[in-house]
Amino acid sequence: MQVGLTHYLVLSALLFCLGLYAMLSRRNAVAILMGIELMLNAANINLVAFNKYVAPTALNGQVFALVVITLAACEAGVGLALVMAAYRNLETVHVDEINIMKW
Amino acid sequence: MNWGLEIAKAVGLAVVMFTFLAVVGAMFGVLLERKIGGWIQSRLGPKHVGPQGLLQTIADTVKLLQKEHITPRAADVAIFNTAPLIVAVAGLMDWIVIPFGPTLIVRDLNIGVLFFAAMASLTVVGILAGGFASNNKYSLLGGLRSASQMISYELPMAAAFIAVAMQAGTLSTVGIVNAQAQRGWFVLWQFPAFVIFLIAATAEVNRVPFDLPEAESELVAGYFSEYTGMRFALFQLGEYAEMFGMAAMATTLFLGGWRGPLLPPIIWFLLKMYLIVFFLMWMRWTYPRLRLDHLLNLSWKLLLPAGLIWILITGFVITFF
Amino acid sequence: MGELAVFIILSAITLVSAVVVVTSGNIVRSALSLVPTFLGVTGFYILLQAEFVAGIQVLIYAGAITVLILFVIMLTEGGTGLRVRQINEQVPMSILASAALALLLISVFIRAPWPTAKEALPQYTASGIGEALLTNLVLVFEVTSLVLLVALMGAIIIARRER
């Protein structure tokens with residue numbers, strides 16, 4: 001049996017839903033960001049798989065995947081800087097304890 | 001594609017490379033370092049074990065292997081045991097793209113130089129994990145310092161790679177060596193990139209003058225304080241393999257790889273690689289250690305702007321001449 | 001046949017490591033288990049013959065983003081807060097939501113008639129990506145570098161210690 005497009009799509013759907021579960025059910029802000037990174041990776045696998053199987057002549061899928069990797073790095077950087085600033089002021093990184101606007 | 005044959009070839013070549021590197025690189029390299037250090041400091045190196053001290057490293061390895069495996073009680077055992085493996089494997093994976101001769105390469109990837117940079121950046125994760133899992137303040141500090149030093153120096157190294165790849169027109173290491181056949185060695189055309197690469201390579205493998213993370217006088221032994229016996233040997237193997245790998249990459253990118261008039265190509269390659277290794281060891285025994293903020297300033301404020309300006313100049317020269 | 005075996009091994013590595021990332025009680029262990037996940041995704045890119053993207057994935061994700069996450073864990077409370085409960089009270093709802101989404105996506109993916117192309121694949125090289133980035137997609141390239149610059153400045157200013 002050949003490895004077809006649907007194999008990659010099912011795999012990326014599973015990875016995406018694992019990332020979604022991490023984002024919904026973890027307390028630590030850094031763990032939520034890790035879930036976001038898993039979701040971005042799942043989307044990237046989709047993009048590159050579509051590039052190979054549906055539109056192989058142009059390289060748009062791979063360039064799009066590179067742009068998504070770059071933006072994920074930016075977003076991880078800014079998000080983690082926010083987590084550190086929040087920790088410095090509020091002394092906690094658990095998102096269910098950050099529930100008042102000013103203390 | 002015959003999968004069984006390819007897998008057998010890959011495993012066989014991996015065993016050959018590991019044996020070559022473990023025996024020649026790490027063992028001979030450690031002995032070479034002690035002899036050269038002794039010569040520079042006007043003293044004799046090891047002399048007792050074997051003729052002129054040649055079996056010293058074997059004696060050291062036997063000593064390390066029979067030491068007790070100590071795991072600190074409150075350490076995280078799984079991470080503590082896998083950290084030296086990450087460093088050793090990442091240091092050895094670099095060697096897949098190094099060409100010893102026109103066809104003597106494990107796999108001529110068409111993203112060779114990018115693969116090398118990627119494996120060098122995987123080492124940082126192992127060092128952070130090792131520093132954290134030891135449950136020891138000095139190890140944690142040493143791990144954090146080493147990780148920040150290594151990620152700061154990846155950028156000038158990548159800038160040097162980009163400048164060379166721009167001039168050669170390809171990312172493949174065999175292609176870069178062949179491109180040096182027409183116009184001359186890149187050490188002449190890309191001398192600033194050569195200097196930047198050597199400084200960044202010394203910092204990537206945590207050697208003096210950039211070895212603050214392992215400084216005995218300040219941090220006990222940094223991130224590998226708690227490692228004994230075979231795991232310590234794996235850390236050292238990873239670092240020496242990576243140092244030799246950086247020297248091999250410097251000869252491939254800048255000194256013309258295997259090219260030379262009379263002798264067989266692999267002899268030329270090893271000669272040039274050992275020349276750079278000698279230069280790296282000479283730097284170790286000559287310069288004092290840089291302080292952490294001087295080290296990071298050197299990377300971000302001097303080497304990275306210099307690398308970017310050199311890329312600009314290279315692009316300009318390639319387009320118009 | 002060999003390709004299917006490699007695909008199954010890589011998916012096993014990726015999915016098991018992802019499960020460890022999302023369910024481990026020890027935050028450092030879940031951060032370190034991101035590395036096999038990213039390396040598994042790199043293997044998928046190589047199977048899909050996108051080698052440049054695979055190299056960039058190892059360099060940036062496994063080499064830089066994992067290090068960044070580990071740094072922030074160690075600088076906030078990862079070193080001391082390892083015995084703290086890591087999951088909140090939304091676990092049953094989130095299992096339900098992710099399972100529902102997974103079922104929906106997988107059924108759509110299996111049933112949709114994808115227009116797969118049958119022509120031969122060109123050789124995807126780094127120079128091809130470079131040409132595409134500087135001719136057809138130059139606007140994407142420029143805007144991405146602008147976003148990188150803004151994110152870099154923003155992260156430095158936000159994380160700076162108040163003096």
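**Contacts between three chains**

Trainee: What makes chain B and chain C count as being in contact?
Mentor: The contact takes 23 residues from chain B and 28 residues from chain C. Contact means heavy atoms within 4.5 Å. The model is predicted: local features need pLDDT of at least 70, side-chain atom pairs count only at pLDDT 80 or more, and totals for chains, interfaces and linings use all residues. Residues are numbered from 1 along each chain as its sequence is written, chains are lettered from A and ligands numbered from 1 in the order in which they are written, and side-chain values use heavy atoms, with hydrogens and water left out.

Trainee: What is the buried area between chain B and chain C?
Mentor: About 2100 Å², with carbon and sulfur atoms giving 83%. Buried area is the accessible area (1.4 Å probe) that two parts lose on being put together, summed over both. On the chain B side, B:W3, B:V125 and B:F132 lose the most area to chain C, together 26% of what that side buries.

Trainee: Which helix gives the largest share of the chain B side?
Mentor: α4(B), with 11 residues. Helices (H or I, at least four residues) and strands (E, at least two) are DSSP runs, numbered from the N terminus. By class, the chain B side that touches chain C has 19 nonpolar residues, three polar and one charged. Ala, Val, Leu, Ile, Met, Phe, Trp, Tyr, Cys and Pro count as nonpolar, Asp, Glu, Lys and Arg as charged, and the others, Gly among them, as polar.

Trainee: Which pair of chains shares the most contacts?
Mentor: Chains A and C, of the two pairs in contact. That contact takes 79 residues from chain C and 70 residues from chain A. The area buried there is about 7000 Å², of which carbon and sulfur atoms give 76%. Seven residue pairs are in polar contact between chain C and chain A (both at pLDDT 80 or more).

Trainee: Why is the pair of A:R27 and A:D96 called a salt bridge?
Mentor: A salt bridge is a side-chain nitrogen of Lys or Arg within 4 Å of a carboxyl oxygen of Asp or Glu. The closest N and O atoms of A:R27 and A:D96 are 3.0 Å apart, so the pair falls inside that limit. A:R27 is in the loop between α1 (5-25) and α2 (29-53) of chain A, and A:D96 is in the segment after α3 (60-90), 69 residues apart. Over all chains the structure holds four salt bridges, but the count between chain C and chain A is zero.

Trainee: What is the confidence in chain C?
Mentor: Chain C averages a pLDDT of 87, and 95% of the residues score at least 70. The pLDDT is the predictor's confidence in each residue, from 0 to 100. Within chain C, the mean is lowest in α6(C), at 84, and highest in α3(C), at 94. For the complex, the predictor gives an ipTM of 0.90 and a pTM of 0.90.

Notes:
Polar contact = N/O pair within 3.5 Å; in protein donor to acceptor, adjacent residues only side chain to side chain.
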